[in-house]
Structures are given as structure tokens and as C-alpha cells.
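Here is a short briefing on the structure shown below. Have a look at it first, and then we will go through its charged pairs, its pocket and its surface.

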Amino acid sequence: GVSIGFYVEQQLTRRISVRPGLAMARHNYALENTSGGDIAMDYSAPELNGMSGTTTSYDADIDVVSMEVPVNFVFSLWKRARSNLFVTTGASTVVYLSQHMSGSFNNTYTRTTVDSYGEVSYESMTTSVLIESEQEPLNRVDFLGLANFSAGYSIPFGKTSHLLFEPFVQLPIKDLTSLNLRIRYGGLSMKIQF
């Protein structure tokens, strides 16, 4: 995925500042399950000719466009004349602008029959179901749904600006998206500070 946005940083003390922001993000997820189970992503195998089924495997692609509103606190660990080593922590609210899911679910049905001699036999059948799901824009908001953690370093960039390199991790505080997934993010954020 990728996100782009802006932040405003306000100094609270010499070593602590608050950094709220706004970012647009687009993420694509590929999900796959081959271990089986009765319910996968709120999907359960439909009944077929009176037989109940089990979802034996599925794969899905999820495309999400969201707006993230982070509020982070920045703690300076080592400050020099124009450079700074810092850590940040905070939380983000996520507003979903678009959520699209397409998936393929394989369902297995088994029928047990007993003949007149008492012999038991099993008959199995597998079906595939294709599903497309599109959520309405702005139908879900995960208020403070992500916990943010990062560490970074800023260096001079031009006469009055700084370039910030900031590896980050975002962990779910609760289930995210309309599919109630536990999504984790990680990567490198690069910022230009004016």
C-alpha cells in the first residue's frame, strides 16, 4: 500500500511535541486460507440439496481506499543543532472511502448413506462460489483503530527544511474494515518538514 498526507507539529515542551495529520491511503490485501473452517470472512457455505457444507478453502482480494487521521506524540531523544533522533507513539482514526472485495470460496458437501446391508458410504461434492462485495463510501469509521509506533531521524534539507526518515509500525486496537480484519502495517515514512 501507499499513503500520502500532511502533518502539523506543535512543540509542547523542549523534548515533546504533538503531531496531528491527515493522510489518504490505498491498500490491497490478498487473503488465502486452506485450513478450512465453517465461516470465512462472514461467509458460510450455503445448503445444497439438504446437505450442509463446510468452506474448505478461500482466496480473496481486498482493495481499500481510506483517510487516516493520526494524532502522535513525538519524543526527542537526541537533539543537535539541526538534527534530531526521536520516537513517536499515538493512535489513528480510519475513515473508509472505498472497500471492494472479490473472492472465491470452495465448499465441500458430504452425504452419508447406508445401504440395505448396513454398509456405510460417503459421497462428497465440492463447489466454488465467486463473490463480489462493494461497501458504500463512508459506511465505516474505526475511531482510534490503529496504535502508531515509530522511530526516526531528521537531517537538514535546504536552508530551513528537514528531511525525516521514520520506520513505523501500526497495530490494530480493534477489528478494521467492514470485514472485521486484524490488519498490521509497517514500512518507512519519509517527510519533508518546513
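**Salt bridges, pocket and patch**

E9, R19, E166 and K191 are joined in a network of salt bridges, a salt bridge being a side-chain nitrogen of Lys or Arg within 4 Å of a carboxyl oxygen of Asp or Glu. This is a predicted model, where local features need pLDDT of at least 70 and side-chain atom pairs count only at pLDDT 80 or more, while totals for chains, interfaces and linings use all residues. Residues are numbered from 1 along each chain as its sequence is written, and side-chain values use heavy atoms, with hydrogens and water left out.

**Salt bridges**

- Six salt bridges turn up in a search of the whole structure.
- R19 pairs with E9 in a salt bridge whose closest N and O atoms are 3.2 Å apart. This pair links distant parts of the chain, with R19 in strand 3 and E9 in the loop between strand 1 and strand 2 (10-11), ten residues apart; strands are DSSP runs (E, at least two residues) numbered from the N terminus.
- R19 also forms a salt bridge with E166, the closest N and O atoms being 3.1 Å apart. Here the partners are 147 residues apart, R19 in strand 3 and E166 in strand 10.
- R19 counts as buried because its relative accessibility is 3%, and E166 is buried with a relative accessible area of 3%. E9, at 32% relative accessibility, counts as partly exposed (buried means under 20% relative accessible area, exposed over 50%, partly exposed in between, with a 1.4 Å probe and protein chains only).
- R26 and D63 form another salt bridge, with the closest N and O atoms 2.4 Å apart. It links R26 in strand 3 to D63 in strand 6, 37 residues apart.

**The largest pocket**

- The largest pocket holds about 1,200 Å³ of space (a pocket is an open set of points on a 1 Å grid over the protein atoms alone, where a 1.4 Å probe fits, with protein on both sides within 12 Å along at least five of seven lines; lining residues have an atom within 4 Å of a point). The volume is the space filled by probe spheres set on the points, which are joined across faces, edges and corners.
- Its lining has 48 residues, and Y7, R19, E166, S189 and K191 lie nearest the centre.
- Strand 11 gives the largest share of this lining, nine residues.

**Surface**

- F6, V8, L22 and V69 make up a nonpolar patch on the surface (residues with over 30% relative accessible area and no salt bridge, nonpolar side chains being joined within 5 Å).
- Together these four have about 330 Å² of accessible area, by the Shrake-Rupley method with a 1.4 Å probe, only the protein chains shown counting as cover.
- F6 belongs to strand 1.

How values were computed
Helices (H or I, at least four residues) and strands (E, at least two) are DSSP runs, numbered from the N terminus. Patches are made of residues with over 30% relative accessible area and no salt bridge: like charges are joined within 9 Å, nonpolar side chains (Val, Leu, Ile, Met, Phe, Trp, Tyr) within 5 Å.
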